[in-house]
Amino acid sequence: MRLSMWILANRLEYLEPELHLSGQGPQTLLSARLRYAQDCVYVYDDGPNAVCRHEEEYFVLRDMGALQALDIVQSVFDFFNDLEERFLEAERRMDLQSILDDSWFFLHNPLLLQDANHMVLAMSQQYEDDEVSDEWRFCADHGYISIATIRQMRRFGPARAYYLGDDVQYHHFPGKAFLPVLTNLIVQDNIRYGRISVYEYSRPLNYGDVQVLRYITSIFRRMLPRLCFLRGMPWTCNLFAALLQGAAPGRRQLELQYAYYGWPPGERFRLAVCRPGGDDAVRWLRERFPAAHVMPYREEVVALLPDGAANEAAACEALSGLCRERGAAAGLSLPFAELDNLRSYHGQARLAMEAAGPGGVGRFAPLAWGYLLREDRLERQLCACHPFVAELFRENTPESGQALETLAAYLAADCSISQGARLLGVHRNTFQYRAAKVLARLEAAGGDAEDPDDRDYLLLSCRVAELARRELSRESDR
């Protein structure tokens, strides 16, 4: 790594240099010289002081001769060459902590490394847990970024850029609780692996810190994908990608992600898939749905869209624009509330995408009836059930069980109250009362028992839900 005048001045801060530096000094310097040479710092006497210059940029070391200044400045180059070797060795050992601690010698400010789920991977050990800020202490105590910090970044900073940007960003939030911070996403092949941040605590941040942070980020861009692979997560350390691969994260991890994204408990989602993928598709969806989680996955782009901010109509409209512009194909799953079976909904969206073909947007809903007949795995059948039936099944209460029985009998009896009452063996008035309640709830959820296709889909879904209840009952009896 070549150095800049800013990086040199930061390293020599203890000498209190007098700075005459622009805001964007380039990183081109290889060493120090007593004569002018290209890509070198020119050191010369100016009365009792030494001047260290490169082109129009320079800083002055007071009460020091040029020879002494040359030795000191050259020692910075030598120091960094040795440090770079240490970085490479730490990279081979996958030692995240050592890289963070060694980086402090150039930044002289606290650094924090987090993964894509905002979990802390490493913190500068030069500071005590309660020394830097309330947020620093929170991270040390809990091992993850506070929800308050993420909300601040989304509220006062450019929220889309916070999740989109691939270069260093500066944030300075109002109030004393949050320190100014330089932060950089760790992105490789458009996949977010984490974030590295340096906080303004020991000295003011400047452009030299930006340059060093870019260099450190380049190291972590190589390390974190390898670390994910070694942990058995070859695509990313992102929680949602892990769910797509069938992982079962802890409930607390999921709750944190809901809080980070601002999703309310019980939020309903749809999963969208677009192919071909690429940076343009990722940015398109992230910019239109800042509350969504959008990520590349294999050769696709997968978007977890909260239904509150991206209902089916809005999602289809956005995906249609993307497909028209890029000649892509896209698919949309059924709505769902639980993320445990994200893999099944990903399969739904892919089927809808394949059915739509290039330039089109497919919805899984029209395909669900046939899918239920073909699919032999009960877990996937449940995910493909009519959303209203799936909601009743998920509630798992005596009332919801009775509602499922009533709906199934009503549909099996061709919407006849008398025949439905006979199927359940209850009085006609009792069945009529129950049916009215469940049909009102069905209508509020967007279902229509009078529509022949919807009626068949609902009845088949009720049969799947009843089969699943029996399986669960058998398992609990074992």
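Analyst: Strands here are DSSP runs of E with at least two residues, helices are runs of H or I with at least four, and numbering starts at the N terminus. Keep in mind that this is a predicted model.

S197 sits in strand β10, which covers residues 191-199. Is S197 buried or exposed? The cut-off for buried is under 20% relative accessible area. S197 has 3%, so it is buried. Its side chain makes a polar contact with the side chain of T183, at 2.9 Å.

Now the charged pairs. Side chains of opposite charge can pair when their charged atoms come close. How many salt bridges does a search of the whole structure find? The count is 22.

Take R86 and D102. They form a salt bridge, and the closest N and O atoms are 2.8 Å apart. R86 belongs to helix α2 (residues 66-93) and D102 to helix α3 (residues 96-107), so the pair links distant parts of the chain, 16 residues apart.

E89, R92, R93 and D95 are linked in a network of salt bridges. M94 lies in the loop between α2 and α3. Its phi is near 60°, a positive value in a residue that is not glycine. M94 has 16% relative accessibility, so it counts as buried.

Next, E395 and R441. Their salt bridge brings the closest N and O atoms to 2.1 Å. E395 is in helix α15 (residues 387-395) and R441 in helix α18 (residues 428-444), so the bridge ties together parts 46 residues apart in sequence. E395 is partly exposed at 33% relative accessibility. R441 is also partly exposed, with a relative accessible area of 33%.

E466 is partly exposed at 28%, and R469 is partly exposed at 31%.

Which residues gather in a patch of negative charge on the surface? They are E443, D448, E450, D451, D453 and D456. Patch members have no salt bridge. D453 is found in helix α19, which covers residues 452-477. With a relative accessible area of 62%, D453 is exposed.

D414 is another acidic residue to check. It lies in the loop between α16 (398-412) and α17 (417-424). D414 is exposed at 64% relative accessibility. Its phi is positive, about 55°, although it is not a glycine.

The peptide bond from R275 to P276 is cis, with omega near 0°. P276 lies in the loop between β11 (269-275) and α10 (279-288). A337 lies in the loop between β14 (329-332) and α12 (342-356). A337 is buried, with a relative accessible area of 11%. From A337 to E57 is 58 Å in space, C-alpha to C-alpha, and 280 residues in sequence.

Technical notes: Residues are numbered from 1 along each chain as its sequence is written. This is a predicted model: local features need pLDDT of at least 70, side-chain atom pairs count only at pLDDT 80 or more; totals for chains, interfaces and linings use all residues. Side-chain values use heavy atoms; hydrogens and water are left out. Patches are made of residues with over 30% relative accessible area and no salt bridge: like charges are joined within 9 Å, nonpolar side chains (Val, Leu, Ile, Met, Phe, Trp, Tyr) within 5 Å. Accessible areas come from the Shrake-Rupley method with a 1.4 Å probe; for residues, only the protein chains shown count as cover. A salt bridge is a side-chain nitrogen of Lys or Arg within 4 Å of a carboxyl oxygen of Asp or Glu. Lys and Arg count as positive and Asp and Glu as negative; His and the chain ends are not counted. The place of a charge is taken as NZ of Lys, CZ of Arg, CG of Asp or CD of Glu. Buried means under 20% relative accessible area, exposed over 50%, partly exposed in between (1.4 Å probe, protein chains only). A polar contact is a pair of N or O atoms within 3.5 Å; within protein, one must be able to donate a hydrogen and the other to accept it, and residues adjacent in sequence count only if both atoms are side-chain atoms.
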